[in-house]
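Please read them with the coordinates open.

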Amino acid sequence: MTAKPKLCYFRGRGRMESIRWLLAAAGVEFEEEFIETREQYEKLQKDGRLLFGQVPLVEIDGMTLTQTRAILSYLAAKYNLYGKDLKETVRIDMYTDGTQDLMTMIMMAALKPPEEKEENIALIVMKAKTRYFPAFEKILKEHGEDFLVGNKLSWADIQLLEAVLMVEELKASVLSDFPLLKVVCYFPTKPRTKGIETKTEIRCASTSISKKLKKTVLKTIILFLLLSFS
């Protein structure tokens, strides 16, 4: 029996969350090891498991992988979520880079002083509505499919759904002006690839994980920064 992928990260969403989403989309069960003390983190470094001294860390297929982008690229390719050729792959890369920019802004917002929180959230929502979501609405309109690339689910679709839900946590009505995004993100889409879940199933599986971790996100980010720069 093939061993389940093992994920090692702080007890929070952070940069591991997109990895959880991708595995959930592929219908792959995984195990998690949470870093909760400085000693755990230092042991990972001492054992040489953190190539650049950072997490996420994923053990899969006999490999120990670090660096979020590399892990996501590997998983997308392994589970047939990375396009059928180079032209599709580069589009998937382009779209996931765009959504990652938006998601990073949201993750970093947790570090802002309380007095700046409302203003920062308003700025993120504004950028989502004027820069990112219009771009994806246009892509869907021009492509004429329920998917961003080709005619089946890809990493780009999964990460877009994750980004949309993150922004909706800030402002629930953010998709009101984007009918195609609303349809794609909230109406079930039949899977076109064996083993791949529908978008509704992905959303349910991933958000159930997220709810368990949501309360510890700020503490996780602070711990990450303390360990990274100490």
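The points below go from the basis of the model to the overall fold, then to the sheet and the helices on it.

1. This is a predicted model, in which local features need pLDDT of at least 70 and side-chain atom pairs count only at pLDDT 80 or more, while totals for chains, interfaces and linings use all residues. Residues are numbered from 1 along each chain as its sequence is written, and side-chain values use heavy atoms, with hydrogens and water left out.

2. The protein chain has nine helices and four strands, these being DSSP runs numbered from the N terminus (helices H or I, at least four residues; strands E, at least two). Along the sequence they follow the pattern β-α-β-α-β-β-α-α-α-α-α-α-α.

3. Of the 230 residues, 47% count as buried, meaning under 20% relative accessible area with a 1.4 Å probe, protein chains only.

4. The four strands form an open sheet of order β2-β1-β3-β4 with mixed pairing, where two strands pair if DSSP finds at least two bridges between them. Its edge strands are β2 (31-35) and β4 (63-66), each of which pairs on one side only.

5. Strands β1 (residues 6-10) and β3 (residues 57-60) run antiparallel and are joined by three bridges; L7 has V58 as its bridge partner in β3.

6. Helix α1 (residues 17-25) packs on the sheet and touches β1, β2 and β3, its direction making about 155° with that of β1. Contact here means heavy atoms within 4.5 Å, and angles run from 0 to 180 degrees between N-to-C directions of lines fitted to C-alpha atoms, for helices over the stretch in contact. Helix α2 (residues 38-46) lies across β1, β2 and β3, at about 110° to β2.

Definitions and conventions. Buried means under 20% relative accessible area, exposed over 50%, partly exposed in between (1.4 Å probe, protein chains only).
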